[in-house]
Amino acid sequence: MAGVEDYLFEDVTITESNAPRFILNGEEVDIWDGELSKYHSLSVADYLRESLLEFEERGTDPFPEIIGKKAEKEMLKNALISGSNILFKGMKGYGKTTFSKAIAKLLPEKILAVKGCKINDDPTKPVCFSCKRALLEDNEVELTWVGRKWVRILGDPMMTTRQLIGGLSIQKIREGYDIDSPEVFTPGRILKAHRGIAYVDELGAIPSAMQTLLHELLEEKQITTPEGDIIPLKIDTIFISSTNPANYRGTADIKEPLLDRMEEIFIGPPETLEEEILIGLRNMRLKDGPLLPDWHLRILARTVRLARAEDGSRFANRIEVEPSCRATIKLFDHVKASALRANREAVILADYGRNYENVKLAMRSRMELDYEDVSKDEVISALVEDAINRTSMEIYSKIPKEEFRGIVEDISELGEINIERAEFSDTEHLFPFVNSIASSPAEYSSALEILLEALRRCTGVVTKVDVGKYECARAG
Ligand SMILES: [Zn+2]
């Protein structure tokens, strides 16, 4: 075993002059020639920088999967180009994970690695013992392609060193174990992220002793084994982590030395109603099926936004945990599921549930109140009402002044209106307006309903008889 311990503590660099013969898919290859040269030797930070600068040159967005968040994207680009680790801070459901995945997409789809290596070593910069030995001593080393890596590490107070870092023992080598045996080296989650992105979800939840090990690994590129040996381990990864100030005392649970190695970017809720709607539409499950007219998108997304402090509804400052975009996404799905069951062409207010049960279904588990004198259901109902009022105002303001009288007269002549059965295509004023707000004939019933609701809420010339049934106030 003479010399083995030398590899462990030595940096090994393979160049054209000291390289073994490389075999890829059964054929000898020159990894420094042509196309293959792009898939080794570069670090994760190098790949990210090259890719971001290409996007810059083309003038395109490197993170198209993230809606809005312009300022955050700019900060992120600078941080990554300068090779930094990132800490995303913010409530759950605002896209921290999506952001980290979007960063991983900037890496090449595949890279060259030593075949059989537990951490997919670069053939020119081996980190693990067996690759160091093979590359220095063997005449032939087999290579393989490895896909881009995004390794999620879930922050867990019970996390062990073995899970996070893995097992590494020089003692076992001294006892005669083979360098390849799992007793000598078994990589944990963070080592599996070698040559890719490590995403630590809830960094603050990781025990502080583990955080110290993480810092040692990421910064000093070494680990201390339980037996006390300090082993260099030049793990190459960009470390993206997240923290949710609602679960932890802000970043107080993250150890100072680690914090000092990360750039913090706050990820908040979508800035505009339009962005909130886009996120909902992009992430909902029931993309086909009944239509979800624009006014319903606005009411539902507004209901969620009104629960967040910045929109200043009367309940917002008493909501301790605010609903995230997942509430919006689920709201879109639930009302659509209801319309699908009823075989409707487009969503109508009845799909919210008689007492807004479908809205409550999406919001109850996603918000917490700081008081108990009002129930969560009452708050949600009030938020929906507020959102319908605001959206009704928008519809009402679209009615041309000169058409108002005619529209009300048309409604009056129809008597009691069941919005799903109303025959109004020959009306002189009502139909043209409904047609102007509907995006297709499939939305006529829904558009008629929101117009009647807008007139009821904004003027009182229309009254509601039941869900989906209206009549002119004068007629009653
Ligand atoms: Zn290796």
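In which sense do strand β4 and β5 pair, and over how many bridges? Strand β4 (residues 110-114) pairs with β5 in the antiparallel sense, over 5 bridges, where two strands count as paired if DSSP finds at least two bridges between them.

## The model and its overall form

This is a predicted model, in which local features need pLDDT of at least 70 and side-chain atom pairs count only at pLDDT 80 or more, while totals for chains, interfaces and linings use all residues. Residues are numbered from 1 along each chain as its sequence is written.

The secondary structure of the chain comes to 18 helices and 18 strands; these are DSSP runs numbered from the N terminus, with helices (H or I) of at least four residues and strands (E) of at least two. The C-alpha trace spans about 100 × 50 × 35 Å along its principal axes. The chain has a radius of gyration of 30 Å, whereas a compact globule of 476 residues would have one near 23 Å; the radius is taken over C-alpha atoms, and the globule rule is 2.2 Å times the number of residues to the power 0.38.

Strands of a sheet pair through backbone hydrogen bonds, either parallel or antiparallel.

Strand β1 (residues 21-24) runs parallel to strand β5 (residues 140-147), to which 4 bridges join it, and Phe22 stands opposite Val141 in β5. On the other hand, β1 and β2 run antiparallel and are joined by 3 bridges, with Leu24 opposite Glu27 in β2.

## The parallel sheet

A further open sheet is formed by 5 strands in the order β6-β9-β12-β3-β13, and its pairing is parallel. Here β6 (150-154) and β13 (262-266) stand at the edges with a single partner strand each, so one side of each lacks a neighbour in the sheet. The twist in this sheet averages 20° from one strand to the next. Within it, strand β9 (residues 196-201) and strand β12 (residues 237-243) are joined by 5 bridges, and Tyr199 stands opposite Ile240 in β12.

## Two helix pairs

Helix α12 (residues 294-306) and helix α13 (residues 325-341) have axes that come within 9 Å and cross at roughly 140°. That makes α12 oblique to α13, because angles under 35 degrees count as roughly parallel, over 145 as roughly antiparallel, 65 to 115 as roughly perpendicular and the rest as oblique. His296, Leu300, Ala301 and Val304 in α12 meet Ala327, Thr328, Leu331, Phe332 and Val335 in α13, where contact requires C-beta atoms, placed from the backbone, to lie within 7 Å. By class, this contact has 7 nonpolar, 2 polar and no charged residues; Ala, Val, Leu, Ile, Met, Phe, Trp, Tyr, Cys and Pro count as nonpolar, Asp, Glu, Lys and Arg as charged, and the others, Gly among them, as polar.

The axes of helix α15 (residues 376-398) and helix α18 (residues 444-458) come within 8 Å and cross at roughly 105°, which makes α15 roughly perpendicular to α18. The residues of this contact divide into 8 nonpolar, 2 polar and 2 charged.

Technical notes. Axes fitted to C-alpha atoms, helices over the stretch in contact; angles between N-to-C directions. Contact = placed C-beta atoms within 7 Å.
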